[in-house]
Amino acid sequence: QDTRDIRLAVIPGDGIGTEVVAEGLKVLDAAGIKLDTTGYDLGAKRYHETGETLPDAVLSELRAYDAILLGAVGDPSVPPGVLERDLLLKLRFELDHYVNLRPVKLFPGVQTPLGGVSSEDIDMVVVREGTEGPYAGAGGVLRKGTPHEVATQESLNTAYGVERVVRYAFEKAKSRPRRKLTLVHKTNVLTYAGDLWARVTDRVATEFPEVTVDYCHVDAASMFFVNQPQRFDVIVTDNLFGDILTDIGAAIAGGIGLAASGNVNPDRTAPSMFEPVHGSAPDIAGQGKADPTATILSVAMLLDHLGLAKDAARIEQAVADDLLERRETAATRSTSEIGDHIAARVAG
Ligand code: NAI
Ligand code: MG
């Protein structure tokens with residue numbers, strides 16, 4: 001198989017999801033990637049029409065693709081948790097996306113709310129665990145709706161699950177110039193889970209003598225994201241901490257319209273799924289106001305995952321150049337205009 005032939009499942013989803021995904025596909029096309037795409041109408045609309053979120057037949061079909069591109073799902077008309085748990089989290093869990101990869105990188109020319117930092121100061125990758133922790137769905141409720149209601153939401157951490165994500169993070173750190181890995185947790189309070197994460201990290205560290213290892217409590221890490229982002233190169237952390245930290249990461253690196261992510265199955269037993277960090281943004285949906293850059297950067301991560309590092313780098317460079325130009329011309333562009341500009345750079 002020619003590796004520049006990609007069988008891609010596309011889940012545009014809801015709201016701006018459909019708008020940004022179109023631009024991601026436009027850029028893949030401009031890069032000369034031969035795409036065989038199949039669209040899946042999962043999301044709010046399908047849920048309202050059929051009550052389905054992720055039918056088993058669709059899930060097994062999805063397993064056959066090289067990768068999945070997702071826009072965003074969610075709509076105010078759907079009760080909270082339905083699409084998040086039964087569609088998004090189900091995909092991540094079933095396809096064993098144990099690495100949730102979220103680069104936090106300030107491109108030159110992009111405005112950050114932080115004072116006195118430049119693009120060299122913010123260049124990290126957060127490796128968030130994707131299949132365990134408090135998101136595993138363990139817990140329950142007793143005496144619901146009464147004054148005596150009891151709700152538990154347990155954090156699941158397995159030695160196997162922690163080790164595989166920590167090992168991935170060490171490999172990632174080893175491949176980057178700074179070779180630094182920071183474990184972020186809350187070992188002083190979450191003593192059982194924290195202790196497991198710390199011991200596993202210490203043990204795996206002995207296999208990576210070239211990587212410098214650091215540790216930060218999650219509250220301190222949140223502060224350092226804002227006042228010392230230079231501290232971080234690769235971060236490894238649990239599902240919930242990583243979710244929250246990467247929103248701070250998006251904020252300091254130019255906003256949610258630029259934040260890309262990959263739900264990665266490094267063992268390649270199922271396709272990985274790439275998506276912008278943002279949601280369906282019902283407040284701006286259908287108006288051509290959404291920035292598709294996060295999706296375009298996610299598409300670059302997708303190519304990188306499939307071994308097309310050169311094509312990925314070309315797209316990332318096109319985005320970097322376009323961001324600089326956007327700053328210089330102070331242009332207000334629509335979703336498709338941004339896609340057109342980046343696609344033209346990629347093609348040219
Ligand atoms: P959101 O990310 O959709 O929007 C937050 C704010 O950022 C809004 O003001 C929105 O206009 C703005 N924004 C988001 N993406 C943008 C873009 N590309 N360009 C310009 N501005 C952008 O988060 P919110 O409002 O909390 O959630 C809306 C819906 O999306 C909910 O149903 C939520 O559950 C869902 N959601 C889905 C996610 C996913 O599919 N992975 C992730 C986060 C939320
Ligand atoms: Mg989030």
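Select Phe241 to begin: with 24 C-beta neighbours inside 10 Å, this residue counts as buried, a term used here when 20 or more other C-beta atoms, placed from the backbone, lie within 10 Å of a residue's own, while 12 or fewer make a residue exposed and anything in between makes it partly exposed. Before going further, note that this is a predicted model, in which local features need pLDDT of at least 70 and side-chain atom pairs count only at pLDDT 80 or more, whereas totals for chains, interfaces and linings use all residues. Residues are numbered from 1 along each chain as its sequence is written, and chains are lettered from A and ligands numbered from 1 in the order in which they are written.

If you colour the chain by pLDDT, the predictor's confidence in each residue on a scale from 0 to 100, you will be looking at a mean of 96, with 99% of the residues of the protein chain at 70 or more. For the complex, the predictor gives an ipTM of 0.98 and a pTM of 0.95.

Phe241 has its place in helix α8; helices (H or I, at least four residues) and strands (E, at least two) are DSSP runs, numbered from the N terminus. Show Val184, His185 and Val218 next, since these are what Phe241 touches when residues up to four places away in sequence are not counted, contact being defined by C-beta atoms, placed from the backbone, that lie within 7 Å. A C-alpha to C-alpha distance from Phe241 to Lys186 comes to 9.2 Å, although the two are 55 residues apart in sequence.

Leaving aside residues up to four places away in sequence, Thr182 touches Asp214, Tyr215, Cys216, Phe232 and Ile235, and its C-alpha atom is separated by 7.6 Å from that of Asp233, 51 residues apart along the chain.

**The two domains**

Now colour domain 1 (1–105 + 256–348) and domain 2 (112–121 + 134–253) separately; these bounds come from an automatic or database domain assignment. Their C-alpha centres lie 24 Å apart, and 12 residues of domain 1 are in contact with 10 residues of domain 2. On the side of domain 1 that touches domain 2, the largest share, 5 residues, comes from strand β4 (residues 99–105). By class, that side has 9 nonpolar, 1 polar and 2 charged residues, where Ala, Val, Leu, Ile, Met, Phe, Trp, Tyr, Cys and Pro count as nonpolar, Asp, Glu, Lys and Arg as charged, and the others, Gly among them, as polar.

Select Leu258 next, in the loop between α8 (239–252) and β11 (260–264). With 23 C-beta neighbours inside 10 Å, Leu258 counts as buried, and, not counting residues up to four places away in sequence, Leu258 touches Val110, Ala253, Asp291, Thr293 and Ala294.

**The nonpolar core**

Which residues have the most contacts inside the largest nonpolar core? In this core of 96 residues, they are Val27, Leu69, Val127, Ala169, Val299 and Ile315; a nonpolar core is a set of buried Ala, Val, Leu, Ile, Met, Phe, Trp, Tyr and Cys residues joined through C-beta atoms within 7 Å. Helix α9 (residues 293–305) supplies the largest share of this core, 8 residues, and at least three residues are drawn from each of domain 1 and domain 2. Centre the view on Val27, which touches Ile296, Val299, Ile315, Gly339, Ile342, Ala343 and Val346, not counting residues up to four places away in sequence.

**Ligand 1 and its surroundings**

Finish at ligand 1, which 21 residues surround, the closest being Gly74, Gly257, His278, Gly279 and Ala281; a residue is near a molecule if its C-beta atom, placed from the backbone, lies within 6 Å of it. This shell has 11 nonpolar, 5 polar and 5 charged residues, and α1 (16–30) and α4 (82–94) each supply at least two of its residues.

In α4, the buried residues are Leu83, Leu87, Leu88, Leu89 and Leu91, and they pack against α2 (44–50) and β12 (272–276).

Ala281 deserves a separate selection: this residue lies in the loop between β12 and α9, has a positive phi of about 40 degrees although it is not a glycine, and is buried, with 21 other C-beta atoms within 10 Å. For contrast, select Arg143, in the loop between β6 (139–142) and β7 (150–153), which also has a positive phi, of about 55 degrees, but is exposed, with 10 other C-beta atoms within 10 Å.

Key:
Two residues are in contact if their C-beta atoms, placed from the backbone, lie within 7 Å.
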